[in-house]
Each structure stands twice: as structure tokens, then as C-alpha cells.
Amino acid sequence: MIYDWNGVSVIGHDGATIGQNGYLRAVPGSGVAVALLTNGGSTDLLQSILFRELFEELAGTRTPDAAFEPPTKPPIVDIMPFIGTYKREGVVMTVTERNGTLRLVYEIFDGRQAPPPPLEIELIPVAEEVFVGACSGQDWIPVIFSTLSDGSVYCYMGMRAAPKIV
């Protein structure tokens, strides 16, 4: 992933598995790269605090000031095209409508271990195909729907894409 931190290109990659998160960021040309491995807690908040301080001191750049969160007045969007089931290896995401709002149920089924309970996320619109959601008191995460030129619809969550199957 290439991030734009106030005009500075930063290369990074995040990864997660049950109860663990990893974060990597590097500022090309600065000689600075930071890896953070965590297990539990509010890992995204920890990452944002540490990276802000480390990269400002060591690379002379700052992470963006604005956190990704719901707008104070969400736009009105047509949510009907996004309702359905999205599936990729080990994950099924079911998107439904409840009281005019999108709800996403995220289920892991990789077969290697007992799966964690499904995550239920209410999605709040940010733009026509961009939503924000949080589950279990965690940080806000982007959920993006995209229609490709062939008409297929995808849901992007956690930097991974899942095609709509139903």
C-alpha cells in the first residue's frame, strides 16, 4: 500500500489473524522503517500514536491529522446495490439492510481452527461507495464497494477484496 502522509509517500502493509495485528511503514529515502507486532487491545490506536511520534522524530513526516471516521452528517446514498453476499478464501461477508442502514456480518471459516464469532458492523456512508464501520468498540474501518467494468461488484475491507456472489 502507498500512503500519502501530508505529501510524503509512505509504503506500508498491515496484516492480521485472530487476536494479532502487524503493521509496517517505510519512508523511502529516509532510512526509516518501523514494524509493530501486537496481540490484543486497541492495536490501531497504538499504531497511530507510535507511528505519529516515531515518524515525526525520525523521518520528519507526520501521519495525517484526520482520523477515518463517520462524517457528522453522512451523505444519503443508494445502499440497495451493495446488499448481498461477498466471499473470498476463508471469509464470507453478508451485507443486509436494517432500518435504512447497511449491516455487514463478517465470518471467518478457514477450517484450520475454531472460528471466532461473527463480527456485526453497522456501515455509515462517507461517499457514494465508501462506508465506515466499527465493531466491538474497535477503531473505525473503511468498507468500500466497487463495480468493475464487467459489472462485477466487490467489497473491500481490511485491504482485501471479496466478489459479490449473491
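Helices (H or I, at least four residues) and strands (E, at least two) are DSSP runs, numbered from the N terminus. In this predicted model, the loop between strand 1 (2–5) and strand 2 (8–17) holds Asn6.

**Asn6**
- The backbone of Asn6 has a positive phi of about 55°, although the residue is not a glycine.
- Asn6 counts as exposed because its relative accessibility is 54%, and the cut-off for exposed is over 50%.

**Asn99**
- Although Asn99 is not a glycine, its phi is positive, at about 55°.
- The relative accessibility of Asn99 is 75%, so this residue counts as exposed.

**Tyr86**
- With a relative accessible area of 0%, Tyr86 is buried, because buried means under 20%.
- A polar atom of the Tyr86 side chain lies 2.7 Å from the backbone oxygen of Phe82.
- That distance of 2.7 Å falls within the 3.5 Å limit for a polar contact.
- In sequence, Tyr86 and Tyr154 are separated by 68 residues, while in space their C-alpha atoms are 7.3 Å apart.

Key: Residues numbered from 1 in each chain as written. Predicted model: local features only at pLDDT ≥ 70, side-chain atom pairs only at ≥ 80, totals over all residues. Heavy atoms only, no water. Buried < 20%, exposed > 50% of the residue type's maximum accessible area, 1.4 Å probe, protein only. Polar contact = N/O pair within 3.5 Å; in protein donor to acceptor, adjacent residues only side chain to side chain.
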